[in-house]
Amino acid sequence: MDIGVMLKTLQDPMGVPFYPVVFQALLVLTFALHILFVNFAIGTSFLSVYGHLKRDERWKRLSGSLARATTVNVSMAMLLGVAPLLFVQVLYDPFWYASNNLSAAWVMGFIGIMMLAYSLAYAFYLGKKSGKGTGIAAYGIVSFALFLLAGVIMHALGYQLLQPDKWLSWYAKGNSVDTSGTSLHAFQLPRFLHFLVPSFSMTGIFLMLYAWYFKNREDMEKGYLDWVGKTGAEMAFLFTAVQSIIGFWWLLALPGEFRFFANPFLLAGAVLGVALLFFLYAARKDPAKFAVPVGVAAFLAILGMACAREALRMKYAGRFAYSIFDYKVNLDLGSTALFFSTFAMGLVIVSYLLAVAFQSGRVAGPYVAGPLLQKWGRASIVLLLLWIVVVAGLGIFVTVKNFL
Amino acid sequence: MYPVWEVPGLTAGIVLALMATFHMLPSHLSTSAMWFNLYVETKAYRENRPELLEFIRKYSLMILVFSYVLGSLSGIGIWYAATVANPRGISGLIHNYVWGWATEWIFFLIEVIGIFTYYYTLGKVDRKTHLKIGWIFAIGSWTTMIIIVGILAFMVSPGKWPATGNFFDGFFNQTYWPHLLMRTSLMFVVAATYAIAVATKLTDDSARSFITRKAAQWGIGGLILGSGFTFLFVKSVPSAASGLIGMSAFLLPGLKTVMLASLALLLLYFVFANIKPLALRMVPAILAIVVLFGGIWSIERTRELIRKPYVIPQYMYSNQIIGKDIPSKNVSAETKTINEKGILKVAAFVPEGLRDVREGNVLESGRMTALILCSSCHTFNENGLRPMPQMIRRLEFKPHAEAATEIGEIAGFIDTLGDYPYMPPFAGTDAEKNALATYLHSISRIR
């Protein structure tokens with residue numbers, strides 16, 4: 001069967017309920033946010049163990065904070081991973097399902113591995129909190145190793161996805177098929193490293209933000225925070241430099257026919273990455289001062305690379321005449337409106353929660369919310385109740401219309 | 001059709017069922033626990049009972065770890081398991097309900113950020129603000145249930161969706177409200193069971209007694225209301241599917257027994273906890289969670305069984321073949337094309353040597369046909385889930401001198417599959433049907 005015909009045959013006949021470009025924009029944006037926290041999670045997981053094993057008191061102290069940060073970062077990475085997982089199934093369903101089913105045992109293994117890794121990350125954090133000794137490092141080490149393994153699985157599934165011309169040869173040998181799902185079929189080192197190395201750059205920036213965030217807290221020593229900021233800035237600079245080299249390596253490994261080095265999204269992402277490198281070089285003098293603009297620049301670089309990654313996926317799919325823009329659209333305006341209105345409401349509520357967390361963490365003792373935050377909190381509850389009233393009203397209307 | 005994943009002794013479908021059932025515990029705990037927390041926290045502040053805050057801290061940590069480590073991952077695991085068990089089924093659902101899931105994700109954001117903020121700011125922010133965070137989490141978390149029940153209800157009964165293709169016509173079908181009320185009631189049973197387990201670790205006896213008693217009362221209320229709404233839910237299921245609820249006892253005889261036994265045991269447990277709150281220890285509390293899991297397993301399995309022969313009712317059969325037209329979406333049934341051209345011809349992942357059934361590849365073609373059409377629900381081993389060899393033998397074909405006669409009888413049975421209310425009809429050419437019969441004959445050893 002011709003590959004292009006096969007992909008068309010596999011594509012869901014239901015079509016999509018809104019224009020593909022909107023799903024694509026959401027896919028890229030949410031993936032950028034997801035990978036940002038994946039980077040934070042892997043980096044903080046590593047550094048928390050590294051710090052725990054060092055004899056230096058400052059490292060030990062930082063290790064405690066990072067062990068706690070790891071639990072939050074992993075949770076955020078998972079949370080933000082749900083959205084691109086959903087949108088990739090909407091736009092690239094033939095690719096996603098074929099790749100996953102070819103390695104089904106690994107797909108389910110990924111969930112088990114993540115459960116174990118995350119539980120161990122908690123065991124490490126809670127163990128440190130309760131003052132347990134060096135022995136609990138084993139939890140952190142195994143947890144980090146399992147997170148890496150999970151990354152390898154995701155990388156392989158993502159890379160298999162791009163090679164539909166090889167799927168059948170991976171599945172069938174002669175007239176027999178391999179239904180065990182126990183093989184991972186594709187791995188590309190520079191692509192994998194291009195995802196992994198930024199974990200250490202981003203965690204460096206995470207440390208700079210840590211130094212900035214706590215600088216006004218009277219229970220935090222200036223010397224300690226300066227050291228954290230400097231360590232972070234050095235680390236971010238070093239690994240961003242390494243990342244730019246790996247970027248070239250990956251570029252060389254891509255199929256020549258793509259001429260991807262001339263792709264505007266890649267060029268934009270690369271320019272942002274190099275700009276970040278220079279910015280980090282300058283920021284090493286006063287990391288806390290530059291932490292926020294560096295953080296913004298780093299996210300822009302990640303967003304640029306997420307756009308480039310999507311452009312690359314379109315190139316791979318285009319080899320077989322597959323374009324997401326050809327997807328049949330069966331407009332469903334009601335559910336589209338439901339999502340976007342909820343999205344707007346969610347921003348208000350999530351911002352309130354983050355504002356409380358942010359403000360309360362910046363003071364050493366108890367925190368009393370000001371009148372603005374009090375009103376914002378009340379408004380968030382009212383918005384949620386309003387949402388329920390509107391949706392329940394709609395539900396009652398539909399039920400009466402259709403069944404009474 | 002995508003590549004098939006065979007799980008030795010099980011099916012990929014049962015992996016999905018296990019994942020989904022496990023997810024019920026942390027997800028229903030998440031939607032319900034904060035209501036109980038809010039009750040206890042408000043009580044602690046109003047009556048100046050700081051000893052109750054120890055429970056809030058422990059229970060919140062449990063929600064954080066259990067619901068947002070194992071719960072979040074098993075939630076994602078359901079998607080992954082559905083991907084490898086029934087990719088076209090989950091794809092069909094997603095292409096209809098993507099905005100529903102995306103909307104649920106917004107509330108998931110509120111939940112996760114909410115529980116972290118709630119846990120880490122306890123005793124750190126002023127009481128009013130902390131309670132507000134709790135309210136936001138509680139309402140936001142329950143809202144995820146409002147959404148996901150719409151999709152689950154659609155999977156049981158699509159309402160007017162087959163005619164209109166409209167999101168809300170499928171979402172708010174006739175089973176929606178009783179389904180939502182059933183889960184809303186039963187979620188408090190989950191919250192109560194876990195609260196009692198956490199209470200066994202409290203150091204203050206008065207707090208322990210108070211929490212255990214209150215949780216037990218919430219549990220009893222949840223069980224009574226939940227049973228009533230379950231009855232209403234069963235009544236609301238369209239007649240074709242509700243006939244299968246009775247049949248589910250035939251398919252898996254233990255389900256009804258486990259459901260009723262767990263109901264009775266949990267009721268007794270809560271009554272005992274209410275009378276002797278300090279007598280409960282961790283081990284019986286964990287056993288109660290196991291009993292709860294058994295009850296949920298039987299309810300969820302029954303819900304799954306009544307979907308048969310469809311994975312998306314009135315649209316896609318459980319073996320992923322589109323059986324009905326949906327004109328509003330411009331989708332045509334595939335069965336006609338498959339019956340004309342052959343399943344091995346139209347399915348994507350078939351070795352080229354098996355696209356045509358011919359002498360020399362009959363057994364292999366038959367196995368390939370079985371993998372595509374039957375492996376969603378059946379294993380081909382001697383033992384395992386709905387094992388084909390046993391099921392064929394159960395039909396009691398009489399041994400014949402000629403194997404061909406026996407194969408012919410199996411092929412004749414395959415022709416009647418569509419007459420069974422829980423089985424999809426055979427889809428394929430006569431040659432493929434005979435190849436399938438030959439393969440089934442070879443593994444079932446009728447003699």
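With 24 C-beta neighbours inside 10 Å, B:Val112 counts as buried, a label given when 20 or more other C-beta atoms, placed from the backbone, lie within 10 Å of a residue's own, while 12 or fewer make it exposed and counts in between partly exposed. This is a predicted model, in which local features need pLDDT of at least 70 and side-chain atom pairs count only at pLDDT 80 or more, whereas totals for chains, interfaces and linings use all residues. Residues are numbered from 1 along each chain as its sequence is written, and chains are lettered from A and ligands numbered from 1 in the order in which they are written.

B:Val112 is found in helix H3 (residues 87–120) of chain B, where helices are DSSP runs of H or I with at least four residues and strands are runs of E with at least two, numbered from the N terminus. Leaving aside neighbours within four places in sequence, B:Val112 is in contact with A:Ser75, A:Leu79 and B:Tyr68, contact being a C-beta to C-beta separation within 7 Å, with those atoms placed from the backbone.

The contact between the chains takes 80 residues from chain A and 75 residues from chain B. On the side of chain A that touches chain B, the elements giving two or more residues include helix H3 (57–91), helix H5 (104–129) and helix H14 (371–403) of chain A. The residues of that side divide into 53 nonpolar, 24 polar and 3 charged, where Ala, Val, Leu, Ile, Met, Phe, Trp, Tyr, Cys and Pro count as nonpolar, Asp, Glu, Lys and Arg as charged, and the others, Gly among them, as polar.

Chain A itself has 14 helices and 2 strands, and 48% of its 404 residues count as buried. Among its contacts between residues at least 6 apart in sequence, 83% join residues at least 24 apart.

Within chain A, helix H2 (residues 20–53) and helix H12 (residues 287–318) pack at an angle of about 130°, with their axes 9 Å apart; axes are lines fitted to C-alpha atoms over the stretch in contact, and angles run from 0 to 180 degrees between N-to-C directions. That makes H2(A) oblique to H12(A), since angles under 35 degrees count as roughly parallel, over 145 as roughly antiparallel, 65 to 115 as roughly perpendicular and the rest as oblique. Among the residues that meet there are A:Phe31 and A:Ile35 in H2(A), and A:Phe299 and A:Leu303 in H12(A).

Key:
Two residues are in contact if their C-beta atoms, placed from the backbone, lie within 7 Å.
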